[in-house]
Amino acid sequence: MGTVAFGDRFGLAADADGHPELSVPMTSPGFDAFREVWTTTTRPVSGTRDGLHFAHDGEHLFVSGTITARPVYAPTVRTTYEAAFSLVTELGYPHIFRMWNFVGDILGPNAEGLEIYQDFVAGRAEAFAAHHGEGTAHMPAATGIGTRGEGIAFVLLAARTSTPRHVENQRQTPAYHYPEQYGPKPPSFARATLLDPGGTLYVSGTASILGHETVHRGDVAAQTDVVLDNIAELIGGPNLSAAGLDGGHELKDLRLVKVYVRHERDLPVVRARCREALGPDAEPTFLNVAVCRDDLLVEIEGLVPGQEWAR
Ligand SMILES: C=C(O[C@@H]1C=C(C(=O)O)C=C[C@H]1O)C(=O)O
């Protein structure tokens, strides 16, 4: 249905079959470069509209868009994300269950001195409010992460008939309730989304944050341990049960794990801790990018495959 190429360039195009292919510059020597390909068992229909590329198969929809570098992002983020949300509705896949937001120069200032991440977050919040109203119930699992280039790109996955359940983490303040010290608008995402009962559990980008505060500034090993503990709590039985969901998982159940490491020098320590905590089947990939706060050194995401994964 769609591909994300994690490598050294930025761009969005149709691949040889007409399906969206987004390229994001996120690697450097010693890190990984790879293509994440979202597949389906039926032949997807693909197309473009308003500069967005999409493909859908009757149950799932993949949409990708890009925004070139500019002095201030919020107005363009708003119109681009609103266009994507309209597309989702018009094509009949109203349940967004996962988003990735790739933000170039994420910690740099925009032309007005606002951090580019906060500039992005404001535009996205406006798009969510315009499309879904002021509530938070529809906010999906997401990642908002730096790249090694400029401009913003995103991918969203949406479903036609599934009823996604969005899950918070008892160890963390919901991001949409972060206090104003982090920026004019809080980030619009949930900590995880379960696609269907017994389905795949998508785990958002998770960092060394307890409550709303960064912990273990400057200590990448301790930050990695908090991230892993945060994810273990999020996917474990008690937290899922607090969200009204059955079951519970462990770190070794995670797949498609992506580990975002800010500093090249920290890779060996982060890799060693992930290997120990995740077990042999997680096959984590490592990318070399900044995280959404200057004091965060590492971020991890992944998913727990559900029954549809086996098909
Ligand atoms: C690390 C955090 O946020 C990051 C930013 C996100 C976003 O803005 O979409 C989503 C998850 C993380 O990638 C956090 O606030 O805990």
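Tutor: The account below takes the annotated positions in turn and then turns to the helices beside one of them. The model is predicted. The unreviewed UniProt entry places the feature "binding site" at Tyr117, Arg124, Tyr178 and Arg191. From this set, Tyr117, Tyr178 and Arg191 belong to the lining of the second largest pocket.

Consider Arg124, which is found in helix α2, spanning residues 116-132. Arg124 counts as buried because its relative accessible area is 2%, under the 20% cut-off. Leaving aside residues up to four places away in sequence, Arg124 touches Val77, Tyr81, Asn101, Tyr117, Pro187, Ser188 and Phe189.

Tyr178, by contrast in setting, sits in the loop between β11 (165-167) and β12 (192-194). Tyr178 is also buried, since its relative accessibility is 12%. With residues up to four places away in sequence again not counted, the contacts of Tyr178 are Thr173, Pro186, Pro187, Arg191, Ile209, His212 and Arg293.

The crossing of α1 past α2 is right-handed. On the α1 side the contact includes Val77 and Tyr81, and on the α2 side Arg124 is one of the residues taking part. The residues of this contact comprise nine nonpolar, four polar and five charged.

Methods: Residues numbered from 1 in each chain as written. Predicted model: local features only at pLDDT ≥ 70, side-chain atom pairs only at ≥ 80, totals over all residues. Heavy atoms only, no water. UniProt positions renumbered as here; feature names shortened; annotations may be inferred. 1 Å grid on protein atoms, 1.4 Å probe; cavity = no way out; pocket = protein on both sides within 12 Å on 5 of 7 lines; lining within 4 Å. Helix = DSSP H or I, 4+ residues; strand = E, 2+ residues; numbered from the N terminus. Buried < 20%, exposed > 50% of the residue type's maximum accessible area, 1.4 Å probe, protein only. Contact = heavy atoms within 4.5 Å. Left-handed = near helix turned anticlockwise from the far one by under 90°. Nonpolar A, V, L, I, M, F, W, Y, C, P; charged D, E, K, R; others polar.
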